[in-house]
Amino acid sequence: MTRLIRKVSYSQQLFSTAAKEFCEIAEKAIARSGQMTVALAGGSTPKGLYELLAQDPYRSMVDWSAIHVYWGDERHVSPDHQDSNYRMAQEALLSYVPVIPEHIHRMQGELPKASDAAEAYENILRQEFPLSSGDVPVFDLILLGMGPDGHTASLFPGTEAVHESSRWVAAPWVEKFQTHRVTLTPVVLNQARHVMFLVSGREKANALHVVLEGPPDPDQYPSQIIRPLSGRVLWLIDEQAASLLEKTTFQTQ
Ligand code: 6PG
């Protein structure tokens, strides 16, 4: 695994840095395979990136017809619900760019049983990714946020999904929200060619300090479980989120 940590002064610079990365990864993936597979994250920080990608110059830098859109996680709600990650991405990005509708693969948060949504999504991955038996889907890019508790995607502290070692998609009960979620598991997350964490704000500083500099404890700080086997992890963090880091080396621009 290659891990790069880039610190920027403020969140708008984080979004523009992430947008440039997105465009570069997309260009290389499309040159290599004719398409780019990306898994979107929920949350306000990833939303800032989506809103920037929806505008020029970035909008016109991407061949959106070659982009295949997935989600890293989804809430157990309908796609038009205010909490839906699909709805957020539609409103912030997908309604402004010419992604081919058949290339948008949402998690079916509306299904009565979240476990059925997880199984259905695993079937979508099987049919959309060219896989030999035993293979795991390899995304070109997986976008991730990180919560103040160190969760990422919907891998929350103390949940079994953090340690899932065979299923690609899980439907954990999240006690703090009294609801199920649907989430890619580390099995898929750690196969990605590129993972990009977007972390902004002082409220993330404590968790980021432990995740990046503390002892391994992924059960309590699930973001630590993200260690792509041969992929690259880029942490894009702003000054406030980085304010408690003491021994981290930052990649210069
Ligand atoms: C979700 C996300 C979640 C999010 C983080 C960061 O469904 O909520 O996938 O993992 O990315 O909680 O969210 P913020 O950027 O809003 O703090």
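User: In E10, which residue is the bridge partner of Val-199, and how should I read a pairing of that kind?

Analyst: Strands of a sheet pair through backbone hydrogen bonds, and the pairing is either parallel or antiparallel. In this model, which is predicted, the bridge partner of Val-199 in E10 is Ile-237. The pairing to which these two belong joins E9 with strand E10 (residues 232–238), runs in the parallel sense and extends over six bridges.

User: What is the order of the strands in the open sheet, and which strands stand at its edges?

Analyst: The open sheet has six strands, paired in parallel and ordered E1-E10-E9-E5-E2-E3. Strand E1 (2–8) and strand E3 (67–71) are the edge strands, and because each has a single partner strand, one side of each is left without a neighbour in the sheet. From one strand to the next, the twist averages 20°.

User: Which helix lies across E1, E9 and E10, and at about what angle to E10 does it run?

Analyst: That is helix H6 (residues 205–213), which lies across these three strands and runs at about 150° to E10.

User: How do I read the burial of a helix, and how many residues of helix H2 are buried?

Analyst: An α-helix has 3.6 residues a turn, so residues three or four places apart point the same way. Burial is then judged residue by residue, with under 20% relative accessible area as the cut-off. In helix H2 (residues 44–53), seven of the ten residues are buried, so this helix is largely enclosed by the rest of the structure. The buried residues are Thr-45, Pro-46, Gly-48, Leu-49, Tyr-50, Leu-52 and Leu-53. They pack against helix H1 (11–33), helix H3 (85–94), and the strands E2 (36–40), E5 (141–145) and E9 (194–199).

User: Which residues come nearest to the ligand?

Analyst: There are 15 residues around the ligand, and those that come nearest are Ser-44, Thr-45, Asp-73, Arg-75 and Lys-204. For Ser-44, a polar backbone atom is 2.7 Å from an oxygen atom of the ligand, whereas for Thr-45 an N or O atom in the side chain is 2.6 Å from a ligand oxygen atom. Ala-153 also takes part, with a backbone N or O atom 2.7 Å from an oxygen atom of the ligand. Of the 420 Å² of accessible area that the ligand has on its own, the protein covers 88%.

User: Where is Ala-153 placed, and how do I judge its phi?

Analyst: Most residues other than glycine have a negative phi, and most peptide bonds are trans. Ala-153, in the loop between E5 and E6, has a positive phi near 50°, and at 11% relative accessibility it counts as buried. Gln-178 likewise has a positive phi near 50°, but this residue, in the loop between E7 and E8, counts as partly exposed at 48% relative accessibility. As for the peptide bonds, a cis bond with omega of about 5° joins Asp-56 and Pro-57, the latter found in the loop between H2 and E3.

User: Which strands pair with E8 in the antiparallel sense?

Analyst: In a regular strand the side chains alternate between the two faces of the sheet. Strand E8 (residues 179–184) pairs in the antiparallel sense with strand E4 (residues 73–75) over three bridges, and Arg-75 has Arg-181 as its bridge partner in E8. Strand E6 (residues 169–170) pairs with E8 over two bridges, again antiparallel, with Val-169 opposite Leu-184. Strand E7 (residues 173–174) is also antiparallel to E8 over two bridges, and in that pairing Trp-173 has His-180 as its bridge partner. E7 and E8 form a hairpin with four residues between them, and Gln-178 is in the turn.

User: Is Ala-118 buried or exposed, and which residues does it touch?

Analyst: Ala-118, whose place is in helix H4 (residues 114–128), is buried, with a relative accessible area of 5%. Leaving aside residues up to four places away in sequence, Ala-118 touches Val-169, Ala-170, Ala-171 and Val-182. Between Ala-118 and Ala-39 there are 79 residues of separation in sequence and 15 Å in space, C-alpha to C-alpha.

Notes
Residues are numbered from 1 along each chain as its sequence is written. This is a predicted model: local features need pLDDT of at least 70, side-chain atom pairs count only at pLDDT 80 or more; totals for chains, interfaces and linings use all residues. Side-chain values use heavy atoms; hydrogens and water are left out. Buried means under 20% relative accessible area, exposed over 50%, partly exposed in between (1.4 Å probe, protein chains only). Contact means heavy atoms within 4.5 Å. Two strands pair if DSSP finds at least two bridges between them. A residue is near a molecule or strand if one of its heavy atoms lies within 4 Å of it. A polar contact is a pair of N or O atoms within 3.5 Å; within protein, one must be able to donate a hydrogen and the other to accept it, and residues adjacent in sequence count only if both atoms are side-chain atoms. Accessible areas come from the Shrake-Rupley method with a 1.4 Å probe; for residues, only the protein chains shown count as cover. Axes are lines fitted to C-alpha atoms, for helices over the stretch in contact, and angles run from 0 to 180 degrees between N-to-C directions.
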